[in-house]
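Thanks, everyone, for making time this morning.

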Number of protein chains: 2
Amino acid sequence: MHGRCQRGPSWWQGKFRGCGYRFTVPRMAILDVLNITSGHLSAEDIYMNVHKDYPNVGLTTVYRTLELLVQMELVVRSDFGDGRARYELNQGPKGERHHHHHLVCTNCGRVIDYTDFIKDEIELLQRTEKGLSKKYNFKIDSHIIQFYGLCEKCRRKGK
Amino acid sequence: MHGRCQRGPSWWQGKFRGCGYRFTVPRMAILDVLNITSGHLSAEDIYMNVHKDYPNVGLTTVYRTLELLVQMELVVRSDFGDGRARYELNQGPKGERHHHHHLVCTNCGRVIDYTDFIKDEIELLQRTEKGLSKKYNFKIDSHIIQFYGLCEKCRRKGK
DNA sequence: TTGTTATTGAAAATCATTTTCATTAATATT
DNA sequence: AATATTAATGAAAATGATTTTCAATAACAA
């Protein structure tokens, strides 16, 4: 690959230092896992991945770091209704934010990100948000849109 | 009031019997609480309310009954991200279903139901669902739309 | 190199929810 | 109405994700 990645260890380090936090080995390891692995990882998933290379990083630290990363808006936490939170990086390697919503399979738990149709949704959301803000004097900061159903595989299995 | 209520003990009893379930005192008490109290109650909330009149109904039974009611589609379970599930009756006293979405205050936890803009949303959702179903061969059964932010009160307090 | 203090890991605590299991009670049957 | 059947119940224990506690460690400024 040519060129260098705009994100990665040194960028993260700067971000941490800038916020007054220390850039520690466990924190880097956790960010690495999130960066390399695609998908929606649970704290346990992340812990197990980190554990391969850094067996002395504890689960507690994973939770604490994730909390910090969410607060720093480097990571997004989602809840798909299976009793455990899921985490994913908020930004791609170039820093672009992939605003997306989720399709969640209620049978196998698979989560599909989709960015299609987002445009229409955004438009509706903006209208709705404007209307709701006015009517209820409610300041909207964020929203959740999720679809639940059966994924291709589980449909075929006739669940 | 004139006329009689289309919903209530005897109707519920019929529904239960029809499904092959017994209509017990705890189940009636729990439905009563859900019927009388408006809003989004946690299992604990319901337990405490039931407990006033029926001190020997246990929390376990509340959980079990709620699970049953959700499965019977008499009750809707929601998750507002505070670590406990919330429950509300799916139908008003006349049997009408109030399809609504939620505004959740991230400061005080207040939840506002809204039915405005639902028409637009439904339309968009149908389009989106159709598109997503086709593209990902995903059979969509349900969706969640929730807005998070600050309610009027909390805004004034300058949170 | 050293001091300061944020960060860490292990173990214990928390908290909502679920499971277990012996007892009770709703309903069908007599 | 009395009895039998078995679904439903309640108390206590178990579960499982997440949080807290606290003494030890390590990042980084001086």
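This is a predicted model: local features need pLDDT of at least 70, side-chain atom pairs count only at pLDDT 80 or more; totals for chains, interfaces and linings use all residues.

I start with helix H5 of chain A, residues 118-136, and with helix H5 of chain B, residues 118-136, whose axes come within 10 Å and cross at roughly 170°. Since an angle over 145° counts as roughly antiparallel, H5(A) and H5(B) are therefore roughly antiparallel to each other. On the side of H5(A), the residues making the contact are A:Asp120, A:Glu121, A:Leu124, A:Arg127 and A:Thr128, and on the side of H5(B) they are B:Asp120, B:Glu121, B:Leu124, B:Arg127 and B:Thr128. Sorted by class, this contact holds 6 charged residues, along with 2 polar and 2 nonpolar ones.

Turning to H5(A) by itself, its 19 residues, at 1.5 Å a residue, should span 27 Å, and the end C-alpha atoms are 25 Å apart, which agrees. Which residues of H5(A) are buried? They are A:Glu121, A:Leu124, A:Thr128 and A:Leu132, and, seen down the axis of H5(A), the buried residues fall within an arc of 70°, so they line one face of the helix. As a reminder, an α-helix has 3.6 residues a turn, so residues three or four places apart point the same way. On the other side of H5(A), A:Lys119, A:Ile122, A:Glu123, A:Gln126, A:Lys130 and A:Lys134 are exposed.

What do the buried residues of H5(A) pack against? Within chain A they pack against strand S6 (139-150), and in chain B against strand S4 (101-105), strand S5 (111-114), H5 and strand S6 (139-150). Just after H5(A), A:Asn137 takes a positive phi of about 50°.

Now to the interface as a whole, where 35 residues of chain A are in contact with 35 residues of chain B. On the chain A side, strand S5 (111-114), H5, S6 and H6 each supply at least two of the residues that touch chain B, and the largest share, 12 residues, comes from S6(A). By class, that side of chain A divides into 15 nonpolar, 9 polar and 11 charged residues.

Finally, a word on A:Arg156, which has its place in helix H6 (residues 152-156) of chain A. With 10 other C-beta atoms within 10 Å, A:Arg156 is exposed, and, C-alpha to C-alpha, A:Arg156 and A:Ala85 are 28 Å apart in space and 71 residues apart in sequence.

How values were computed: Residues are numbered from 1 along each chain as its sequence is written. Chains are lettered from A and ligands numbered from 1 in the order in which they are written. Axes are lines fitted to C-alpha atoms, for helices over the stretch in contact, and angles run from 0 to 180 degrees between N-to-C directions. Helices (H or I, at least four residues) and strands (E, at least two) are DSSP runs, numbered from the N terminus. Angles under 35 degrees count as roughly parallel, over 145 as roughly antiparallel, 65 to 115 as roughly perpendicular and the rest as oblique. Two residues are in contact if their C-beta atoms, placed from the backbone, lie within 7 Å. Ala, Val, Leu, Ile, Met, Phe, Trp, Tyr, Cys and Pro count as nonpolar, Asp, Glu, Lys and Arg as charged, and the others, Gly among them, as polar. The expected span of a helix is 1.5 Å times one less than its number of residues. A residue is buried if 20 or more other C-beta atoms lie within 10 Å of its own, exposed if 12 or fewer, and partly exposed in between; C-beta atoms are placed from the backbone. The arc is that of the directions from the helix axis to the C-beta atoms.
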